[in-house]
Amino acid sequence: MKRNAAAIVIIALVVAVMIFAGVKSSRGPKANPMLGSTKPLAVGDVKGKDAPDFALQDLQGKQVKLSDFRGKAVLLNFWATWCGPCKVEMPWFVELQKQYGPQGLEIVGVALDDSGKDSIAKFAKEMGVNYTILQGQDAVGDAYGAIGLPTSFFIDRSGKIIDSASGLVTRTEIEDNVKKSLGEGKAEVASENRKLGS
């Protein structure tokens, strides 16, 4: 008798989870009027695609759009205050912003946690963040297909995604993608081609 009751409870739980998952997936990403499309990008298949525009508030309450940075290379990083790997890469971002900011790099961190503006601001200050931090929305993370944290997108000056990284990667890999987004790789190839042609 106890086994039958336990089996019924387990079956009921499984059915409830399946119903919940079906309802959640049928809703899809939440609409955001600042997103050009609600169809999420697949992190592994984003090269050459336009980065979806969005508008979010920074820690001072000012609205910031991704398109405000057109003409600059953007490292768009989705993170959270509770994310351990995010804490590892943030000092790298601080260094990269100092090093490549004068060449046109803009690092934009989108905080995807519920801790509130004050907690995010305090955390960013403790980490010595010198780049733009925005208060995220699930719809923006969904539009980029950012299902795990950290997730970064490297966007060139024309607004196209040149690469992405999901999870913690090496500083060298991040810096290589920053250089590509700045167009350094193209300049080096053009320089080599000129040398070969002369």
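Which residue is the bridge partner of Val74 in strand 6? Select Ile155 to see it: Ile155 is the residue of strand 6 that bridges to Val74.

This is a predicted model, in which local features need pLDDT of at least 70 and side-chain atom pairs count only at pLDDT 80 or more, while totals for chains, interfaces and linings use all residues. Residues are numbered from 1 along each chain as its sequence is written, and side-chain values use heavy atoms, with hydrogens and water left out.

**The sheet.** Select the strands (DSSP runs of E, at least two residues, numbered from the N terminus, as are helices, runs of H or I of at least four residues). Seven of them form an open, mixed sheet in the order 2-1-5-4-3-6-7. Two strands count as paired if DSSP finds at least two bridges between them. At the edges are strand 2 (63-65) and strand 7 (161-166), each pairing on one side only. From one strand to the next the twist averages 30 degrees. Strands of a sheet pair through backbone hydrogen bonds, either parallel or antiparallel.

**Strand 3.** Next select residues 73-79, which are strand 3. Five bridges join strand 3 to strand 6 (residues 151-155), and the two run antiparallel. With strand 4, strand 3 pairs in the parallel sense over seven bridges. Pick Asn77: its bridge partner in strand 4 is Gly109, and in strand 6 Asn77 stands opposite Ser152.

Seven of the seven residues of strand 3 are buried, so strand 3 is largely enclosed by the rest of the structure. Buried means under 20% relative accessible area, exposed over 50% and partly exposed in between, with a 1.4 Å probe and protein chains only. Ala73, Leu75, Asn77 and Trp79 are on one side, with Val74, Leu76 and Phe78 on the other.

**Helix 2.** Now select residues 84-100. Helix 2 lies across strand 3, strand 4 (105-111) and strand 6, at about 155 degrees to strand 4. Axes are lines fitted to C-alpha atoms, for helices over the stretch in contact, and angles run from 0 to 180 degrees between N-to-C directions.

**The cores.** A nonpolar core is a set of buried Ala, Val, Leu, Ile, Met, Phe, Trp, Tyr and Cys residues joined through side-chain atoms within 4.5 Å. The largest has 28 residues, and Leu105 and Val178 have the most contacts inside it. Helix 2 gives the most to this core, with six residues. Apart from this core lies another, of 21 residues, including Phe54 and Tyr144.

Conventions: Contact means heavy atoms within 4.5 Å.
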